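These are my notebook entries on one structure, written as I worked through it. I began with a single helix and moved on to the spaces between elements.

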Amino acid sequence: MRTVSKDRILAGVTLLPSILLVGIFVYGFIGNTFWTSLTDWGGVGALSENPEKNYVGFYNYKDLFVGFLSSGFRQDLVNAIFYSVFLLIGAIGVGLFIAILLDNKPKAEGFFRTVFLYPMSLSFIVTGTIWRWLLAPSGGVNVLPTYVGAEPFNFRWLSSTQSILQFDWQNILSFAFNVISIVLIVIGLWLLGKRSKHAAKWLVAGIVIGILVYLFGDMLPKALIMEEKHGFNLATTGIILATIWQYSGYTMALYLAGFTGISQDLRDAAMLDGASTFNYYRHIAIPLIQPITISAIIILSHISLKMFDLIFAMTGPDNGQTGHPALNMYLTTFRANDFARGAAIAMLLFFLAALFIIPYLISSYRNKDERA
Amino acid sequence: MKKKTVKPSRVALYVVLLLLVVVYLLPAYLTLITALKDPSEISLPHSWDFPAVLNWKSFSEAFALLKPNIINSFILTICATAISIALGSINGYVFSKWKFKGSELIFTLLLFGMFIPYQVILIPLFQTLRAMNLYGGLPGLILAHVVYGLPITSLIFRNFYMQIPDSLVESATLDGAGFFSIYTQVIFPLSIPGFVVTSIWQSTQIWNEFLWGITLTRHSANPITVGLAQLAGGQAVSWNLPMAGSILAALPVLFIYIVMGRYFIRGLLAGSVKG
């Protein structure tokens, strides 16, 4: 057994301030926010020296989901989910497409890369300001067709009041079970494709839940006493577009780094075997860089769940159509002084982000352990 | 080398790439020409037309309005970047060269701080800064950036130092060098690229940050992002000023990006591709 040297102690001591700071400012603060979300801290005296806080359990959470006056928050939450999904599809799709183009070694590759990545260096406030002007209802993008003699578009990118893919929040419970059932079946099919012996378990669970909801879904309690429609607000398309413009360069850089890491020999061998360029990417390159896709999903979902600056700059903080829980949290906390409710919204955002991040960190920690 | 004939697929590649270049640059073009127009010349249907007369005054007007914010942001960025790269470097040194039982676990727990939506720590942060009398001014904002910058700076330096062979450290140990002298004599002199990558990453992040800027500072200490949001948010302002302001706010980071692009990308990848 080795004795602990003086230097080892020094190393530990050097780390101590950072451990303490992160311990308090990250873990302690998350705990504190959780505690705040269980109180009724807010109102007129909220900012006094010793504000009154009473424990109210999960009242704030319950109110956000089923409270009569919280439909704004529920739409924000739906917006955030659509926003995440479209951003993931858009930024990964466009970024992967450009990366494949650049992987075919055009001349001036460096120039192209610089152009596609520059939006990434900008502040969301700058992007938001520029895109607000670009998407102005009767100017910018909408008048571009007139330069080739066509009729202008008249889509209201940021102020449309249309909402599509609507569902009724009253039935959120049966809706949630349906989603769970579909996810289980998809995982089951995916495992089946990989010939895993666990496939049957997932499929059966998914189908059973699906049938149960289909048969007895009507008996599930209603979340609300009356109908409340939520859907994909078309006014968020402008925000999605601007975010894709800014972040597709990022996914491009990720994928390009991945493609560069694949040996040229492998590609040459595939081509000799008669693989087309398309098949090379479809069956060899993209599966090989799956970890990069996972990283991109983690980073982009994290960004879309905390998105605040861009929406603030594009449509202002209190535009109902393009609302987002992150903005709602800011308004609730710092404009309405309703700290407890703001904390509950923040915890929900944190919880959604943690669903992606914690498994990711655990698996990367395990990988490190195996290598060590 | 034999002369190649131009294949149609090559032509298609360049056509698609150039179209994409146009799409990516259009917002920048519109920003620039709008900033250069006289307010009376700005109209929605003609927003893409090149200005008849170049009006450079927008930049000086926007600069006059944003000057206090720009100064704040420079102070904030320089101070917070300097402190967080110093801490990140020493942490990365410990995490890569002085691993102990549990250090990987601590490192993973530290990284977690990088991935949280900052809304979840905003209320206690606001309260703590108020209690410490740091709310409203730049020192509080610097503290926030330093603390929440610890995960990413430690990560970049750790991955960077992992590439330095352990044998260098071991031979220095045999020569009788201790914890700090190994750092100053072996590690630090090899760290320049690591410092460049980390400081570029941190300074662009800090310069561009908005959420803490708007919630943790009073008007006099507002950084550039908050100043720009206020300039652009007013309804009456004609569009040349917000556009000129956007260019002013983007210039420092764009400059860094264009001059040091290689290092910028390394910082970008460091946060997602693990070494």
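**Entry 1: helix H8 of chain B**

I listed the buried residues of H8(B) and found B:Gly194, B:Phe195, B:Val197, B:Thr198, B:Ile200, B:Trp201, B:Gln202, B:Ser203, B:Thr204, B:Ile206, B:Trp207 and B:Asn208. I noted that the model is a predicted one. The helix is mostly covered, since twelve of its 17 residues are buried. I then checked the length of H8(B): the distance from its first C-alpha to its last is 24 Å, close to the 24 Å expected at 1.5 Å a residue.

Against which elements do the buried residues of H8(B) pack? I found H2, H5, helix H7 (179–187), helix H10 (224–233), helix H11 (240–259) and H12, which belong to chain B.

**Entry 2: the largest cavity**

Rolling a probe the size of a water molecule over the atoms shows where empty space is left. The structure holds four cavities of 30 Å³ or more, and the largest has a volume of about 850 Å³. I recorded 37 residues in the lining of this largest cavity, and those that lie nearest its centre are A:His302, A:Lys306, B:Tyr118, B:Trp201 and B:Gln205. Elements from both chains give two or more residues to the lining: helix H8 (237–261) and helix H11 (290–305) of chain A, together with helix H5 (138–162), helix H8 (192–208), helix H9 (211–216) and helix H12 (261–270) of chain B.

Which element gives the most to the lining of the largest cavity? It is H8(B), with six residues. I noted again that B:Trp201, one of the residues nearest the centre of the cavity, is among the buried residues of H8(B). By type, the lining of the largest cavity divides into 22 nonpolar, twelve polar and three charged residues.

I selected B:Asn72, which lies in helix H2 (residues 57–97) of chain B. Is B:Asn72 buried or exposed? Its relative accessibility is 10%, so B:Asn72 counts as buried, the cut-off for buried being under 20%. Leaving out residues up to four places away in sequence, I found that B:Asn72 touches B:Leu138, B:Ser220, B:Ala221, B:Asn222 and B:Pro223.

I then turned to B:Ala229, in helix H10 of chain B. B:Ala229 has a relative accessible area of 12% and is therefore buried. Under the rule that leaves out residues up to four places away, B:Ala229 touches A:Ile125, A:Phe312 and B:Phe210. I also looked up B:Lys37, which is 192 residues from B:Ala229 along the chain, and the C-alpha atoms of the two are separated by 21 Å.

**Entry 3: chain A as a whole**

For chain A I counted 14 helices and two strands. The C-alpha trace of chain A spans about 80 × 70 × 50 Å along its principal axes. Of its 372 residues, 51% count as buried. Among contacts in chain A with a separation of 6 or more, 71% come from residues 24 or more positions apart.

**Entry 4: helix H6 of chain A**

I tested the length of helix H6 (residues 172–193) of chain A. Its 22 residues should span 32 Å at 1.5 Å a residue, and the end C-alpha atoms are 31 Å apart, which agrees. The buried residues of H6(A) are A:Ser174, A:Ser181, A:Leu184, A:Gly188 and A:Leu191. They cover an arc of only 110 degrees around the axis, and therefore sit on the same side of H6(A). These buried residues pack against helix H7 (199–216) of chain A. The face turned away from the buried side carries the exposed residues A:Ile182 and A:Gly193. Just after H6(A), I found that A:Arg195 takes a positive phi of about 55 degrees.

**Entry 5: the largest pocket**

My last search was for open space. The largest pocket has a volume of about 1800 Å³. It is lined by 38 residues, and A:Ile81, A:Val179, A:Leu352, A:Leu355 and A:Phe356 lie nearest its centre. The elements of chain A that give two or more residues to this lining are helix H2 (59–66), helix H3 (71–103), strand E1 (163–168), H6, H11 and helix H14 (339–371). H3(A) gives the most, with ten residues.

How many residues of the lining of the largest pocket are nonpolar, polar and charged? I recorded 34 nonpolar, four polar and no charged residues.

Methods. Residues are numbered from 1 along each chain as its sequence is written. Chains are lettered from A and ligands numbered from 1 in the order in which they are written. This is a predicted model: local features need pLDDT of at least 70, side-chain atom pairs count only at pLDDT 80 or more; totals for chains, interfaces and linings use all residues. Side-chain values use heavy atoms; hydrogens and water are left out. Helices (H or I, at least four residues) and strands (E, at least two) are DSSP runs, numbered from the N terminus. Buried means under 20% relative accessible area, exposed over 50%, partly exposed in between (1.4 Å probe, protein chains only). Contact means heavy atoms within 4.5 Å. The expected span of a helix is 1.5 Å times one less than its number of residues. The arc is that of the directions from the helix axis to the C-beta atoms. On a 1 Å grid over the protein atoms alone, a cavity is a set of points where a 1.4 Å probe fits but cannot get out, and a pocket is an open set with protein on both sides within 12 Å along at least five of seven lines; lining residues have an atom within 4 Å of a point. Grid points are joined across faces, edges and corners, and a volume is the space filled by probe spheres set on the points. Ala, Val, Leu, Ile, Met, Phe, Trp, Tyr, Cys and Pro count as nonpolar, Asp, Glu, Lys and Arg as charged, and the others, Gly among them, as polar.
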